[in-house]
Amino acid sequence: MALASRLWRFRPSGRNAAPGLGLPRRVTGGRGTCMQGRSGSEVAAEFWLTGRARAGHRGTQVIGNPPTFKRSLIFSALSYLGFETYQLLSSAAVVYATAKVFRVEEILQQADYLYESGETAKLYQLLIQYKESEDAELLWRLARASRDVAQLSGTSEAEKKVLVYEALEYAKRALEKNEASFAAHKWYAICISDVGDYEGIKAKIANAYVIKEHFEKAIELNPKDATSIHLMGVWCYTFAEMPWYQRRIANMLFAAPPSSTYEEALGYFQRAEQGFVLTFFPQPTTMFSTFLFETLFGLPFSPVDPNFYSKNLLLLGKTYLKLQNKKLAAFWLLKAKDYPAHTQEDKQIQAEAAQLLTGFSGKN
């Protein structure tokens with residue numbers, strides 16, 4: 001209010017005060033101009049007042065009007081407070097966004113720990129709380145957890161169907177949020193395959209094209225993901241051993257039905273299994289030995305993850321059986337039978353491998 005009191009001194013004392021005052025003579029200073037013998041604030045106030053008077057306003061009504069000036073001051077103060085509030089809100093938004101990122105990372109770490117620990121039910125209970133999330137990493141993990149719960153022995157058939165379709169929806173949303181996520185592509189393909197069990201042979205064959213496309217995209221985005229490579233091998237193996245009646249139906253329904261060979265399936269299973277390289281060929285250490293490996297086996301040298309999955313070992317054995325190579329079939333079936341059983345699936349694979357081994361000798 002100090003500035004207001006200064007301006008108040010320049011208010012005319014009567015109704016007939018002069019409507020306009022002549023501007024004082026200017027003098028030039030070192031860094032600008034000033035009014036001779038007057039302070040800067042006084043000059044500015046008088047200049048403002050006389051300018052208003054010359055514009056045709058009555059002095060007693062307009063010049064130095066305290067309510068108007070107070071409103072101006074209040075408006076300026078409110079503007080300043082608004083700017084300060086904006087800055088505070090902006091800072092708060094940044095802090096909130098940062099905290100949100102840290103929160104998602106914390107949830108993902110908990111989820112991965114539970115998954116590695118085999119805590120399927122706890123993992124699902126953790127992630128289902130975030131089913132409305134927009135984060136692709138959370139969503140594809142929820143799709144995986146939903147599918148895993150559907151596979152539990154205690155899950156009823158009705159519950160399993162609901163979970164399978166929910167898993168597909170979560171995987172689809174994950175893919176929509178991030179098409180560059182290899183895991184989203186992988187789990188979308190897996191969930192489409194699961195849904196096919198409820199939609200008949202025609203839908204299952206039609207979906208095969210989509211499944212293959214997304215497995216191939218997952219491998220392209222992450223060539224070191226052994227699971228995607230293995231599943232591409234499963235796709236090839238499935239269509240290589242398709243029963244004749246299904247193949248006939250496929251030929252009737254589609255101009256070019258999906259097809260594959262055991263050799264193609266074998267290539268993917270071998271690529272996913274580093275143990276193949278370590279057992280049958282010295283680890284390539286030079287360009288020549290790498291070239292020799294690729295020439296002998298007809299595969300790019302890209303070992304991924306040895307013994308990562310008991311089913312990959314079993315399918316290597318079964319594929320060699322289909323190709324009439326009993327010696328290599330026996331080797332891989334023995335590895336599958338001796339694989340440490342961490343899950344119910346591992347136990348089932350052990351039993352299947354043991355049964356297959358009793359059916360033939362180790363000779364070629």
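Residues are numbered from 1 along each chain as its sequence is written, and side-chain values use heavy atoms, without hydrogens or water. Because the model is predicted, local features need pLDDT of at least 70 and side-chain atom pairs count only at pLDDT 80 or more, while totals for chains, interfaces and linings use all residues.

**View 1. Packing of helices H5 and H6.** Helix H5 (residues 120-127) and helix H6 (residues 136-150) have axes that come within 9 Å and cross at roughly 140°. Axes are lines fitted to C-alpha atoms, for helices over the stretch in contact, and angles run from 0 to 180 degrees between N-to-C directions. Helices are DSSP runs (H or I, at least four residues) numbered from the N terminus. H5 and H6 are therefore oblique to each other; angles under 35 degrees count as roughly parallel, over 145 as roughly antiparallel, 65 to 115 as roughly perpendicular and the rest as oblique. Thr-120, Leu-123, Tyr-124 and Leu-127 of H5 make the contact with Leu-138, Arg-141, Leu-142, Ala-145, Ser-146, Asp-148 and Val-149 of H6 (contact: heavy atoms within 4.5 Å). The contact of H5 with H6 comprises 7 nonpolar, 2 polar and 2 charged residues, where Ala, Val, Leu, Ile, Met, Phe, Trp, Tyr, Cys and Pro count as nonpolar, Asp, Glu, Lys and Arg as charged, and the others, Gly among them, as polar.

**View 2. Packing of helices H15 and H16.** The axes of H15 (residues 310-322) and H16 (residues 326-337) lie 7 Å apart at an angle of about 160°, so H15 and H16 are roughly antiparallel to each other. Residues of H15 including Leu-313, Gly-317 and Tyr-320 meet residues of H16, among them Leu-328, Trp-332 and Ala-336. By class, the contact of H15 with H16 has 10 nonpolar, 2 polar and 3 charged residues.

**View 3. Packing of helices H9 and H11.** H9 and helix H11 (residues 244-253) pack at about 75°, with axes 11 Å apart, which means that H9 is roughly perpendicular to H11. Ile-201, Lys-202 and Ile-205 of H9 contact Gln-246, Ile-249, Ala-250 and Leu-253 of H11.

**View 4. The aromatic pair of Tyr-165 and Tyr-198.** The whole structure contains 7 aromatic pairs (ring centres of Phe, Tyr and Trp, the last by its six-membered ring, within 6.5 Å; planes under 30 degrees apart are stacked, over 60 edge-to-face and the rest tilted). Tyr-165 and Tyr-198 form a tilted pair, with 6.2 Å between centres and 45° between planes. Tyr-165 belongs to helix H7 (residues 157-177) and Tyr-198 to the loop between helix H8 (182-196) and helix H9 (200-221), so the pair ties together parts 33 residues apart in sequence.

View 5. The protein averages a pLDDT of 75, and 62% of the residues score at least 70 (pLDDT: the predictor's confidence in each residue, from 0 to 100). Over residues 47-63 pLDDT stays under 50, and the model has 26 contacts beyond four places in sequence for them. Where pLDDT is low, the predicted coordinates should not be read in detail.

Technical notes: Helices (H or I, at least four residues) and strands (E, at least two) are DSSP runs, numbered from the N terminus.
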